[in-house]
Amino acid sequence: MIAFAIVAALVGGWEIYADAGAVDDFILPAPSQIATALWDDRGLLWSNLLVTAQEVGLGILVALVLGFLLAVALHFSGALRRGVYPLLVASQAVPIVIIAPLLVVWFGFGIVPKLAIIALVCFFPVVVTLDALRSVDPDQLKLMRTLDASRWQAFRWAEAPAALPAALSGAKIAVAVAVIGAVFAEYAGSSDGLGHLMLQAIPQLETARAYAAVVLLAAFAVLLFSALALAERRLVPWTHRRPEGPDR
């Protein structure tokens with residue numbers, strides 16, 4: 001309810017400011033114009049949303065799989081961690097807009113470079129949050145060794161469950177930024193998708209249509225985030241339990 005009130009206040013202020021004529025419509029359209037574009041261009045927006053949604057979904061999947069595998073490899077090998085982890089951190093200083101055209105040159109205008117760009121954007125949050133693999137209770141590991149558990153069994157039954165909440169948090173961060181990666185990917189080279197639609201709409205002075213595409217991207221990101229939050233409550237319900245006590 002609070003979020004709805006905040007959004008309503010922001011949209012109302014935006015509408016008043018736009019109607020006052022302080023800024024031209026082709027620079028900042030009013031929310032009412034954006035709503036009209038959402039309805040009038042619904043077919044065009046929907047078809048392009050399906051393309052972007054497919055790219056985002058597959059890109060996140062690639063990032064989660066590769067990020068998990070690398071995080072496990074770094075966890076099992078201290079030497080690999082010391083050698084690779086600083087490179088991962090340094091890679092985040094490289095602007096994606098520099099890499100995107102190069103990937104298009106290498107892989108063409110198909111879906112592969114788009115998946116690569118989205119995976120690059122989402123990859124680091126997944127790997128970093130899986131640092132929680134090292135945060136398992138040492139006493140629990142001692143107990144596992146006492147029970148003659150193998151290294152893999154200790155990982156399977158102690159370290160991986162302890163890291164699951166952080167892994168889901170990393171996935172939520174990844175889906176929040178994945179749509180940004182999709183837009184960058186489609187800017188670099190695409191014939192469809194919401195990013196491509198925005199790139200075309202702005203020079204044509206169809207700014208309301210571009211803003212309508214942004215609204216759909218934001219709604220899609222919120223939907224993905226909410227789905228993961230629901231999955232988190234199902235998979236790790238203990239992280240959402242309130243401590244019982246007299247002040248509860």
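Modeller: Start with contact, which means heavy atoms within 4.5 Å. Helices are DSSP runs (H or I, at least four residues), numbered from the N terminus. This is a predicted model: local features need pLDDT of at least 70, side-chain atom pairs count only at pLDDT 80 or more, and totals for chains, interfaces and linings use all residues. Residues are numbered from 1 along each chain as its sequence is written, and side-chain values use heavy atoms, with hydrogens and water left out.

Colleague: Which residues of α8 meet α10?

Modeller: On α8 they include L164, L168 and V175. On α10 they include L217, F220 and L224. By class, this contact of α8 with α10 has 15 nonpolar, 1 polar and 2 charged residues. Nonpolar covers Ala, Val, Leu, Ile, Met, Phe, Trp, Tyr, Cys and Pro; charged covers Asp, Glu, Lys and Arg; the others, Gly among them, are polar.

Colleague: How are two packed helices described?

Modeller: By the angle between their axes and the distance between the axes. Helix α8 (residues 151-188) and helix α10 (residues 207-235) pack at about 170 degrees, axes 10 Å apart. Therefore α8 is roughly antiparallel (over 145 degrees) to α10.

Colleague: Is α9 buried or exposed?

Modeller: Buried means under 20% relative accessible area, exposed over 50% (1.4 Å probe, protein chains only). Helix α9 (residues 194-201) is mostly covered, with 6 of its 8 residues buried. Its cover includes α3, α8 and α10.

Colleague: Which residues touch the most other members of the largest nonpolar core?

Modeller: A nonpolar core joins buried Ala, Val, Leu, Ile, Met, Phe, Trp, Tyr and Cys residues through side-chain atoms within 4.5 Å. Of 28 residues in the largest one, V56, C122 and L194 touch the most other members. Helix α10 gives the most to this core, with 7 residues.

Note on methods. Axes fitted to C-alpha atoms, helices over the stretch in contact; angles between N-to-C directions. Helix = DSSP H or I, 4+ residues; strand = E, 2+ residues; numbered from the N terminus. Parallel < 35°, antiparallel > 145°, perpendicular 65-115°, else oblique.
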